[in-house]
Amino acid sequence: MNQLYIYLLALSSAFNSETNSFLIYNKDHNKCVYAVNATVVQAAPCDVSSEAQHFRWISSSQILNLFFNRCLGSEEVKDWTKIILLPCNDLSPMQTWECKEESLFGLKGHPLHLNYGNHDEPNVMLFSGTGVWSRWLIYGMEENLCSCGNQVFDHHEEGVSLFCICFSSFIVVGLFSMTAAVIRTNIRSKAKGNTGPAMTFTSKQYENA
């Protein structure tokens, strides 16, 4: 039953979380953006169960961290500045983002990009470089960050990226399947457990007769 409980908990979490949330992944480091707290944003091994690694678009240019409920931003609009989490403000140039060529990702209208790993810096930084450490994908999907929801706001439509919905649905269906398998296993185990004593009782009745 412990296994069943874990699967049901995971299933509930999958339904309750935003279907268009994603992890921000750097392929070269094989790590994801991780919000340690509101003023410390680093990279860590990707963990889909960590809400501190989950982000989602809340407008065409703003990204919210689900754990801290704050938006991804920078301390200043200048080269080599710390990335932090800020109270969301759609008028702030320090928290408006855009996808550039391929997987390059940075501040909207500025040649400054989300970067991790330069100069042995432990924090995610805003940097003018355009190399592999400034390239970001959606973890598990190998798509740029704008493929998971921000186009919706550009077109003023309801809903989220179809690609993201399909990916999330795949996870949910998988959890349903696992839960059903565990339930079947538990039912069969109970059935076998109930059969043993009944057969023994019948055998004793026959011997006494």
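This is a predicted model: local features need pLDDT of at least 70, side-chain atom pairs count only at pLDDT 80 or more; totals for chains, interfaces and linings use all residues.
User: Thanks. How many helices and strands does the protein have?

Analyst: There are three helices and 13 strands. Both are DSSP runs numbered from the N terminus: helices are H or I with at least four residues, and strands are E with at least two.

User: And how much of it is buried?

Analyst: Of the 209 residues, 40% count as buried. Buried means under 20% relative accessible area, exposed means over 50%, and partly exposed is in between, using a 1.4 Å probe and protein chains only.

User: On to cysteines. How many disulfides are there?

Analyst: The count comes to three, where a disulfide is a pair of cysteine sulfur atoms within 2.5 Å.

User: Nice. Where does the one with cysteine 32 go?

Analyst: Cysteine 32 is joined to cysteine 46, with an S to S distance of 2.0 Å. The pair links distant parts of the chain, 14 residues apart: cysteine 32 sits in strand β2 (residues 31–37), and cysteine 46 lies in the loop between β3 (40–44) and β4 (55–57). The torsion about the S-S bond is about 95°, so this disulfide is right-handed.

User: Is cysteine 32 buried or exposed?

Analyst: Cysteine 32 counts as buried, because its relative accessibility is 0%.

User: Which cysteine does cysteine 71 pair with?

Analyst: Cysteine 88, with the sulfur atoms 2.1 Å apart. Cysteine 71 belongs to strand β6 (residues 70–74), whereas cysteine 88 is in the loop between β7 (81–86) and β8 (97–99), and the two are 17 residues apart. Their link is right-handed, with 100° about the S-S bond. Cysteine 71 is buried at 0% relative accessible area, while cysteine 88 is partly exposed at 36%.

User: And what is the partner of cysteine 99?

Analyst: That is cysteine 146; the sulfur atoms are 2.1 Å apart. This pair spans 47 residues, from cysteine 99 in strand β8 to cysteine 146 in the loop between β13 (143–144) and α2 (150–154). With a torsion of about 105°, the disulfide is right-handed. Cysteine 99 is partly exposed at 22% relative accessibility, and cysteine 146 is buried at 11%.

User: How many bridges join β1 and β12?

Analyst: Two bridges join β1 (residues 24–26) to β12 (residues 137–138). Tyrosine 25 stands opposite leucine 137 in β12.

User: What about the largest nonpolar core, how many residues does it have?

Analyst: It has 27, and Phe22, Ile24, Leu72, Trp97 and Leu114 have the most contacts inside it. β2, β3, β4, β7 and β9 (105–107) each supply at least two of its residues. A nonpolar core is a set of buried Ala, Val, Leu, Ile, Met, Phe, Trp, Tyr and Cys residues joined through side-chain atoms within 4.5 Å.

User: Which residues does leucine 114 touch?

Analyst: Among them are Ile24, Val33, Leu72, Trp97 and Trp136, not counting residues up to four places away in sequence. Contact means heavy atoms within 4.5 Å.

User: Last topic: how many aromatic pairs are there?

Analyst: Five in the whole structure. Rings of Phe, Tyr and Trp (its six-membered ring) pair if their centres lie within 6.5 Å; planes under 30 degrees apart count as stacked, over 60 as edge-to-face and the rest as tilted. Tryptophan 97 and phenylalanine 105 are stacked, 5.4 Å centre to centre with 10° between the planes, and both are buried. Ring pairs link Trp57, Trp97 and Phe105 into a cluster.

Terms used: Residues are numbered from 1 along each chain as its sequence is written. Side-chain values use heavy atoms; hydrogens and water are left out. Two strands pair if DSSP finds at least two bridges between them.
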